[in-house]
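Please take a moment to view the sequence and the structure before I describe them.

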Amino acid sequence: MQILYENMVVEWQLPESDVRQVERILWISPNEEYLYSIAMDDDKAFPVMKAYSEYAAGIASKLCRQVDWINDSVPVIDTDIAPEHLALRDKSWDTIKDIVLDEPNCYDKKFRGAQIQEVQGRTAVHKSTIYRYLRRYWQGGKMKNTLLPHYNNCGSYGNDRTPTEAKRGRPRKFEHEPAGINIDEETKQLLRSGIQLFYNTQEKSPLKHAYQKTLEKFFASGYRQEGQALIPVLPPPEKLPTFGQYKYWFQKEQDLENTLKSRHGKKRYELNHRPILGSSTLESFGPGSRFQIDATVADVYLVSEYQREWIIGRPIVYIVIDVFSRYITGIYIGLEGPSWVGAMMALANTTADKVRYCAEYGIEITEQEWMSSHLPQKLTADRGELEGDKPARLIDVLGVDVENAPPYRADWKGIVEQQFRLVNLRSVRFMPGAIKERFRERGERDYRLDAKLTLREFTQIMIQYVLYHNNKHRMLWYDRNEFMVADNVEPIPYQLWQWGIINRTGRLKKLPEAIVKLNLLPQGEATVTSAGIQFKGVHYGCDLAMREQWFVKARVGKTWRVKVCYDPRSTNEIYLWLDAGRQFEVCTLLDREERYLNKRFEEVDDLLEIERYHGRHHEINNMLAKIDLDAQTQAIVEQATKKTNEALRNSDTSSNQRVKGIRGNRSGEKQLNRPQEVFQLAESRTVEGKSSKDDNVVPINRDATTRPQEAYIPPADKLSKIKAYLQEDGDEE
């Protein structure tokens, strides 16, 4: 059996009828013999006494039932009530409190009448007003706030007024102030069009300007021409809507979302104005569900490692962070990027052995201090670095799903973006050479001159920051789920990562570091030639090529192409893919290519291009020089030909004699050349009556009539002939 209690609202339904009656129980006698109730839907109702058993039987027979009754006119809390409304409430309460607090006498008609007369004489409040206060109090559940003024029921709130000849709105303060016009549906439509045309635009015009343009376009009665200008002519001010009316209807019918998208664009709206109802953490089941990667240019200037007086600019900072635990899984600090090379280095660091990585910078850690060496299930990044065909192997081979954020939507990577802000607040801004302000005032010291740190030293600081963040940083804002709370997991990235590894497994991917790096490196094709494995103009060799005699095969046969990957920052090595990418061979730079050692491929391309340019530039000069050479040669040949032909015409020597006399002529010519070719290191000396030059001249009688003395020459044997032949510098041919 249901128990009856005060302020309970009961709905009665008569059998075989649609008539319903709702009553509120005001008071129940201690012995549960009778009670007082009042009708809820009657504005002239009075409390009525009924038997308790009547209600009990009605509920038992389901003729009546308890219902919830909500009065929207009664506020739940007092903080939002205007002070003047509270004053009216208290005044009404003082009027009836002596009556309603005297229960159950106040429910008796005669006693209540006498009390009302007494109150009326004391307060001068009309009897009907006192009865209205009593009904409002009893029907509202005997609460003091039911006596608040119901101004929300005044004036048909929320309904537009039907315009008449009388001007609606507040009266003007001054007699001659324009009152404006009543806004009918036609005028309202013109105002809407004006807002759409002149306010909801990319120009972001002020509302006052949009109001002016609306009047010019829709309310002009004509135009006045002054020179080449057409000036709109507007009606008198009393026949135009005022700016206040324009603003009222703008605010009343404004679609804020549409206005923001129209004025700022959809991308800017999504970034700065959209409702934030979700959470990145909820989208990540556990560690490795989603990593975020992004880069920024650090707000600090560095100096060179080799010449500390050289300022080398600002470094690039890449951070890879786990969304679930906010654990930083990889970083890259360098001068590459933001580009695919920088992202490649950061992702490679994600899978690297962090103990060995920190040791390279002189920082000793344990494996527990930075334990991540995995790839994620999904990777959220910018469109720039991870867009195109370069990340294809990241997706196809390594099994990482890459999600690129839309343009201008940094909020898609809000977690890693927040890390850059924290890095700057915690560390960077306190470093020498840090950018204090984006714009320096004239006369202020140039902060770039304060640079003191090298790239290696800055990297050491960033590693220390990562170790602090992962192991010590307590994220008070992190929303732990009920299981984390039960396991007493602190909102520290290390503890969240550890808890997720134990309870939310199956998302992290572990691959050999070398395989990850090879798949991240850019790929290309090299050519096997007899001079080595040629790639981008540089030649390499490897043990595999030597064992299988690739270069010999290339020389006797045809060249062929092989698939390789390479690090754009170094020409020292390239990597030959084997067994469909499951193995690799290291190819090293050949010794003869020493000029390319420790260079970047961009530098090699520049060098080869410069050499090709110089070759093309000197080609014309080379051709002109050859033309000059050919002309000089031709002139000498022609002169020699002329002299020789003239000598032959004056000689009676036959052709046969000329050919047979080659050996003798050669010996004579050698005798003539030897004195001129001999080395003389001593200074020249002169003798009285004779010059040193004369001493060196051998007189030869070249009279054609002179004949050598004939003598007997014995025939030579074969050995003598061979020796004589070898002693000669040439032969007869």
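**A proline loop, a sheet and some rings**

Let me begin with Pro104, which is placed in the loop between helix H2 (83–100) and helix H3 (109–123). Helices here are DSSP runs of H or I with at least four residues, strands are runs of E with at least two, and both are numbered from the N terminus. The peptide bond joining Glu103 and Pro104 is cis, with omega at about 0 degrees.

Residues are numbered from 1 along each chain as its sequence is written, and side-chain values use heavy atoms, with hydrogens and water left out.

The pLDDT, which is the predictor's confidence in each residue from 0 to 100, has a mean of 80 over the protein chain, and 79% of the residues reach 70 or more. Over residues 408–412 pLDDT stays under 50, and the model has 15 contacts for them beyond four places in sequence; a contact means heavy atoms within 4.5 Å. Residues 702–706 also have pLDDT below 50, with two contacts in the model beyond near neighbours in sequence. Where pLDDT is low, the predicted coordinates should not be read in detail.

Two residues deserve attention for their backbone. Most residues other than glycine have a negative phi, and most peptide bonds are trans. Asn7, in the segment before S1, has a positive phi of about 70 degrees although it is not a glycine. Glu32, in the loop between S2 and S3, is not a glycine either, and its phi is positive at about 55 degrees. Asn7 counts as partly exposed at 27% relative accessibility, and Glu32 counts as partly exposed at 46%. On this scale, buried means under 20% relative accessible area, exposed over 50%, and partly exposed in between, with a 1.4 Å probe and protein chains only.

I turn now to the sheet. In which order do the five strands stand? The order is S4-S3-S2-S1-S5, in an open sheet with antiparallel pairing; two strands pair if DSSP finds at least two bridges between them. Strand S4 (48–51) and strand S5 (64–66) stand at the edges with a single partner strand each, so one side of each is left without a neighbour in the sheet. Within the sheet, five bridges join S2 (residues 20–28) to S3 (residues 34–39), and Ile25 stands opposite Ser37 in S3.

Finally, the aromatic rings. Rings of Phe, Tyr and Trp (its six-membered ring) pair if their centres lie within 6.5 Å; planes under 30 degrees apart count as stacked, over 60 as edge-to-face and the rest as tilted. By this rule there are 19 aromatic pairs. One of them is the edge-to-face pair of Phe46 and Tyr131, at 5.3 Å centre to centre and 85 degrees between the planes. This pair links distant parts of the chain, with Phe46 in the loop between S3 and S4 and Tyr131 in helix H4 (residues 127–139), 85 residues apart. Ring pairs also link Trp27, Tyr34, Tyr36, Tyr107 and Trp138 into a cluster.
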